[in-house]
Amino acid sequence: MIKWISNLFSSTNTDDNTDCIKPEVHKHQKNNIESVSNKFLIVGLGNIGAEYVNTRHNIGFKVVDFLARKEGISFETVKLGSLAQYKFKGKTFFLLKPNTYMNLSGKAVKYWMDKENIPLENIFVITDDLNLSFGTIRIKPKGSDGGHNGLKNINLVLNTQNYTRFRFGISKK
C-alpha cells in the first residue's frame, strides 16, 4: 500500500494507466515544484490498551501494523505514539499510531506534522466507519468527521477538514 500511495504522487504512473494526483503547490512555496514535500504521514487511528486490541474500532492501527509488517519495518515508541519510517523512491513515509486515545488524536497528528515539516496535503488518516458496511473502503480527499470523534478532534486541532482519509467500514449491516 505504501508503494501504491507513492505511485499516486508519481509524475509518471505506468502500472495501470490511471491518473495520478499532482501535489498542490501553495503560494508560500513560490510555485517552485521542487519545494513540494517528499514526506508523508500515514496515521492509523485506534485506542491503546489490551481491551481494544482486537476490536473493529482499531482498524486504523491494524492497517498501519500490516503496512509495517509488509515492508519489514517496526514501530518505536515516540512522543505521542508509535512511529515507523519507510523510504521509497525518494519519499519518506511515517506510519503513526497515536497513543492519545482516538478522541484526542489531533494532538499527535499536529505534533508529527510540525516536527517532520509534513504539509497537510501529505497527511493520510486511516479510520473505522460505522456507517459503512464491513469491508467497504471509502477514500476521500477531504470532508466532514461523519460523527467520528477521532476525525472531529483532528479537524479541531488542524482547523481544517482538508486532509485525505481512508475510511474502513466496520458495520455489521
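How many aromatic pairs does the count come to? In this predicted model, the count comes to five aromatic pairs.

The model contains an open sheet of seven strands with mixed pairing, arranged in the order β2-β3-β4-β1-β5-β7-β6. Its edge strands, β2 (76-78) and β6 (137-140), each pair on one side only. From one strand to the next, the twist averages 30 degrees. Strands β5 (residues 123-133) and β7 (residues 164-171) run parallel and are joined by seven bridges. Within β7, R167 is the bridge partner of T127.

Two helices are placed against this sheet. Helix α3 (residues 105-116) packs on the sheet and touches β1, β2, β3, β4 and β5; the direction of helix α3 makes about 155 degrees with that of β4. Helix α2 (residues 59-71) lies across β1 (39-44), β3 (81-88), β4 (91-98), β5 and β7, and runs at about 140 degrees to β4.

**A residue of strand β4**

T92 is located in strand β4. Buried or exposed: which term applies to T92? Buried means under 20% relative accessible area, and T92 counts as buried because its relative accessibility is 11%. Apart from neighbours within four places in sequence, the contacts of T92 are N38, K39, F40, Q85, Y86 and K87.

**Aromatic pairs**

A pair of aromatic rings is described by the distance of the centres and the angle of the planes. The table gives these values for two pairs.

| Pair | Centre to centre | Angle between planes | Arrangement |
|---|---|---|---|
| F40 and F93 | 5.1 Å | 20 degrees | stacked |
| F124 and F166 | 5.9 Å | 55 degrees | tilted |

Because F40 lies in strand β1 and F93 in strand β4, their pair ties together parts that are 53 residues apart in sequence. Both F40 and F93 are buried. F124 belongs to strand β5 and F166 to strand β7, so this pair ties together parts that are 42 residues apart in sequence. F124 and F166 are buried as well. Ring pairs link F40, F93, F124 and F166 into a cluster.

**Charges over rings**

Aromatic rings also take part in arrangements with charged residues. The charged end of K97 sits over the ring of F61, at 5.7 Å from the ring centre. R165 lies over the face of Y163, 4.2 Å from the centre of the ring.

Technical notes:
Residues numbered from 1 in each chain as written. Predicted model: local features only at pLDDT ≥ 70, side-chain atom pairs only at ≥ 80, totals over all residues. Heavy atoms only, no water. Pairing = 2+ DSSP bridges. Helix = DSSP H or I, 4+ residues; strand = E, 2+ residues; numbered from the N terminus. Axes fitted to C-alpha atoms, helices over the stretch in contact; angles between N-to-C directions. Contact = heavy atoms within 4.5 Å. Buried < 20%, exposed > 50% of the residue type's maximum accessible area, 1.4 Å probe, protein only. Phe/Tyr/Trp six-rings, centres within 6.5 Å; stacked < 30°, edge-to-face > 60°. Lys NZ or Arg CZ within 6 Å of the ring centre and 35° of its normal.
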